[in-house]
Amino acid sequence: MLCLSSGETSGTTATFVVVDRWTVTVASVGDSRCILDAQGGAVFSLTVDHRLQENMEERKRVTASGGVVGRLSTVGGVEIGPLRCWPGGLCLSRSIGDMDVGEFIVPVPFVKQVKLSNAGGRLIIASDGIWDALSSEMAAKSCHGLPAELAARQVVKEALRTRGLKDDTTCVVVDIIPPDNSIPPSTPPKKQNKLRALFRKKSHFPASKLSKKLSAIGIVEELFEEGSAMLAERLGNGDSTSQSTSGLFTCVVCQIDLAPSEGISVHAGSIFSTSSNPWQGPFLCADCRNKKDAMEGKRPSGVRVA
């Protein structure tokens, strides 16, 4: 809202981290990054960079939605720099708040959830200037043995020493330290609701027995991962079409009540949907369907594509 009222058109990347005891959930848009330095020296990436230069899946999505991906052309036709999306010239395929780019630049996050072992671990969350200078392993190694606040300063210092640039060099370090002789609690069963369908669980692990074994031997357990920018893929098929207490259907995104004749299937008309039944749920209200179409490049969203 502040950007709109002040006339700002440039957006931002974002990495959002929630720590709930032993469970870490990360949602990210753009090329800021979160890594997990697990006890024992293993380093895990909890985010995916949405840079067009490196991410082939995002390049395919942008071009399928009507965007043009290419480098900056100079006088004489020489192409320079990383791959960008046109219009706008953004190097990223996902961001928040960029107003002067095509509708195929979406704010839909990559989401990953893991459960730590009973040894705990360290999260390093940093903007792209850090990762342009340091690999995940280098960042983790550079601050071993330091408390969290000093560790964050050391990562920035190492990035500046390596790259020499101060642009976008922000770092936060969070240590997840278990109490002595503690055993991580088993993950409690969670109530299913329509909003949770946006983040479908994709765990390949059975339940608590394996979870306890993995924790005991120091293995990080992956609970969930979802990276699709397409709403139809994230929502899946009909499991989230239950009726509200009023007996009406509800929009799976904004949760408003819908009469049976008002709901629009999330699969209707989607070139990315695997559903062969466009009348199959979950369902959207008209406003949410318009936003979905704009984000997937099937409807103008106020930005003219040359």
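Leaving aside neighbours within four places in sequence, arginine 59 is in contact with Leu52, Gln53, Glu54, Val69 and Leu83, where contact means heavy atoms within 4.5 Å. The model is a predicted one, in which local features need pLDDT of at least 70 and side-chain atom pairs count only at pLDDT 80 or more, while totals for chains, interfaces and linings use all residues. Residues are numbered from 1 along each chain as its sequence is written, and side-chain values use heavy atoms, with hydrogens and water left out.

**Arginine 59 and helix 2**

Arginine 59 lies in helix 2. Helices (H or I, at least four residues) and strands (E, at least two) are DSSP runs, numbered from the N terminus. The C-alpha atom of arginine 59 is separated by 9.5 Å from that of arginine 84, and the two residues are 25 residues apart along the chain.

The table lists polar contacts, that is, pairs of N or O atoms within 3.5 Å; within protein, one atom must be able to donate a hydrogen and the other to accept it, and residues adjacent in sequence count only if both atoms are side-chain atoms.

| From | To | Distance |
|---|---|---|
| Arginine 59, side chain | Leucine 52, backbone oxygen | 2.8 Å |
| Arginine 59, side chain | Glutamine 53, backbone oxygen | 3.1 Å |
| Asparagine 55, side-chain oxygen | Glutamate 57, backbone nitrogen | within 3.3 Å |

The asparagine 55 pair is at the start of helix 2. Just after this helix, glycine 66 has a positive phi of about 105°.

Helix 2 covers residues 56-64, and Glu58, Arg61 and Val62 in it are buried; buried means under 20% relative accessible area, with exposed over 50% and partly exposed in between (1.4 Å probe, protein chains only). Seen down the helix axis, the buried residues of helix 2 fall within an arc of 95°, so they line one face of the helix. The arc is that of the directions from the helix axis to the C-beta atoms. Strand 5 (68-73) and strand 6 (79-86) are among the elements that cover these buried residues.

Four strands form an open sheet in the order 4-3-8-9, with antiparallel pairing. Strand 4 (43-45) and strand 9 (171-176) are the edge strands, each pairing on one side only. Two strands pair if DSSP finds at least two bridges between them. On average, neighbouring strands of this sheet are turned by 20° against each other, direction ignored.

Helix 5 (residues 148-163) packs on the sheet and touches strand 8 and strand 9, and its direction makes about 145° with that of strand 9. Axes are lines fitted to C-alpha atoms, for helices over the stretch in contact, and angles run from 0 to 180 degrees between N-to-C directions.

Strand 8 (residues 121-126) is joined to strand 3 (residues 33-38) by six bridges, and six bridges also join strand 8 to strand 9. Cysteine 34 has isoleucine 125 of strand 8 as its bridge partner, and leucine 36 has leucine 123. Leucine 123 also stands opposite valine 174 in strand 9.

Gly121, Leu123 and Ile125 point one way from strand 8, and Arg122, Ile124 and Ala126 the other way. Six of the six residues of strand 8 are buried, so this strand is largely enclosed by the rest of the structure.

**Confidence**

The protein chain has a mean pLDDT of 78, and 72% of its residues reach 70 or more; pLDDT is the predictor's confidence in each residue, from 0 to 100. Residues 181-189 stay under 50, and the model has 12 contacts for them beyond four places in sequence. Over residues 271-275 the pLDDT is also below 50, with 10 contacts beyond near neighbours in sequence. Where pLDDT is low, predicted coordinates should not be read in detail.
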